[in-house]
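Here is a short briefing on a protein fold and one of its charged residues. Look over the sequence and the model first, then read the points below.

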Amino acid sequence: MGKIIALANQKGGVGKTTTTINLAASLATLEKTVLVVDADPQANASSGLGIDLNEIDCSLYECIIDQADVHDAVYTTDINGLDIIPSHIDLVGAEIEMLNIKNRERVVKNMLEQIRDDYDYILIDCSPSLGLITVNALTAADSVIIPVQCEYFALEGITKLLNTIKIIKSKLNPSLEIEGFLLTMFDSRLRLANQIYDEVKRHFQELVFKTVIQRNVKLSESPGHGIPVILYDADSVGSKNHMALAKEIINKNATRDNAADNTAND
Ligand SMILES: Nc1ncnc2c1ncn2[C@@H]1O[C@H](COP(=O)(O)OP(=O)(O)O)[C@@H](O)[C@H]1O
Ligand SMILES: [Mg+2]
């Protein structure tokens with residue numbers, strides 16, 4: 001059964017989409033089967049993975065609002081083993097349209113239950129809001145990755161996000177965990193970047209990924225070509241960072257899986 005990981009931070013421009021696209025591509029390159037769910041109406045993950053938004057007729061929106069078959073919303077990408085459920089600008093209005101739906105916080109969860117056995121990892125790219133779609137993502141998820149941009153006020157707003165996670169844990173999804181805090185756009189030449197890493201580490205300790213994502217222009221160029229950085233420039237720092245992150249996540253979850261197996265065998 002695939003592990004569902006949401007990428008969330010209500011701050012925009014911190015690297016949620018960049019991480020979703022490139023972590024997904026790296027996991028797939030490491031022979032995992034991966035599904036990206038684009039839950040942001042801006043649809044940057046969809047276009048960044050080569051989806052032509054004018055060509056698709058079934059997106060996350062149709063699955064949520066029209067109860068379209070989730071299988072009809074799954075599209076393949078240029079990376080073997082990496083599929084995507086694209087977003088659509090109509091998703092902006094979905095939160096209001098969903099107010100009439102029963103169990104409206106669990107729509108995405110119920111939808112993904114039908115396909116989670118087909119994948120090793122499902123990554124949900126959230127929008128910069130803590131609205132109903134993001135609540136759906138966090139309700140569906142096993143864990144959440146919180147990208148934190150290395151800049152002044154990096155931790156601003158994190159308290160609000162952690163509070164939302166706490167409420168979702170208590171009301172909707174008791175097993176939701178924090179997969180990790182991920183430092184993004186790290187510039188090792190700047191003392192500030194190191195100070196922010198230390199500060200995040202002091203607050204969240206072992207929940208901070210060892211891997212940091214450095215600032216790298218290839219990461220901002222590749223979405224314009226509709227491909228992940230690993231296809232755009234496999235030797236770039238951005239590509240290597242995301243590969244390291246994928247390995248860190250696979251290792252972390254292998255330890256957990258083994259622990260679960262051992263407990264089961266006791
Ligand atoms: N490590 C990085 N190096 C260089 N540019 C980056 C990096 N991460 C993100 N960017 C750029 O910063 C902008 C915001 O990133 P994005 O992933 O879209 O953030 P979010 O999804 O949180 O809004 C984008 O233009 C993206 O290309
Ligand atoms: Mg985004």
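Helix α7, residues 158-171, lies across β6 and β7. Its direction is at about 175° to β6. The model is predicted.

**Helices on the sheet**
- Helix α1 covers residues 16-29 and lies across β1 (3-7), β2, β4 (82-85), β5, β6 (143-149) and β7.
- Helix α1 runs at about 165° to β5.

**The sheet**
- The sheet is open and has 7 strands, with mixed pairing.
- The strand order is β3-β4-β2-β5-β1-β6-β7.
- β3 (75-76) and β7 (177-184) are the edge strands; each has a single partner strand, so one side of each lacks a neighbour in the sheet.
- β2 (residues 34-39) pairs with β5 (residues 121-126) in the parallel sense, over 6 bridges.
- Within β5, isoleucine 124 is the bridge partner of valine 37.

**Aspartate 125**
- Aspartate 125 sits in strand β5.
- Is aspartate 125 buried or exposed? Aspartate 125 is buried, yet it has no salt bridge.
- A salt bridge requires a nitrogen–oxygen pair within 4 Å.
- The side chain of aspartate 125 does make a polar contact, at 2.8 Å, with the side chain of threonine 17.
- Leaving out residues up to four places away in sequence, aspartate 125 touches Leu7, Lys16, Thr17, Thr20, Val37, Asp38, Ala39, Asp40 and Ala45.

Definitions and conventions. Residues are numbered from 1 along each chain as its sequence is written. Chains are lettered from A and ligands numbered from 1 in the order in which they are written. This is a predicted model: local features need pLDDT of at least 70, side-chain atom pairs count only at pLDDT 80 or more; totals for chains, interfaces and linings use all residues. Side-chain values use heavy atoms; hydrogens and water are left out. Two strands pair if DSSP finds at least two bridges between them. Helices (H or I, at least four residues) and strands (E, at least two) are DSSP runs, numbered from the N terminus. Contact means heavy atoms within 4.5 Å. Axes are lines fitted to C-alpha atoms, for helices over the stretch in contact, and angles run from 0 to 180 degrees between N-to-C directions. Buried means under 20% relative accessible area, exposed over 50%, partly exposed in between (1.4 Å probe, protein chains only). Lys and Arg count as positive and Asp and Glu as negative; His and the chain ends are not counted. A salt bridge is a side-chain nitrogen of Lys or Arg within 4 Å of a carboxyl oxygen of Asp or Glu. A polar contact is a pair of N or O atoms within 3.5 Å; within protein, one must be able to donate a hydrogen and the other to accept it, and residues adjacent in sequence count only if both atoms are side-chain atoms.
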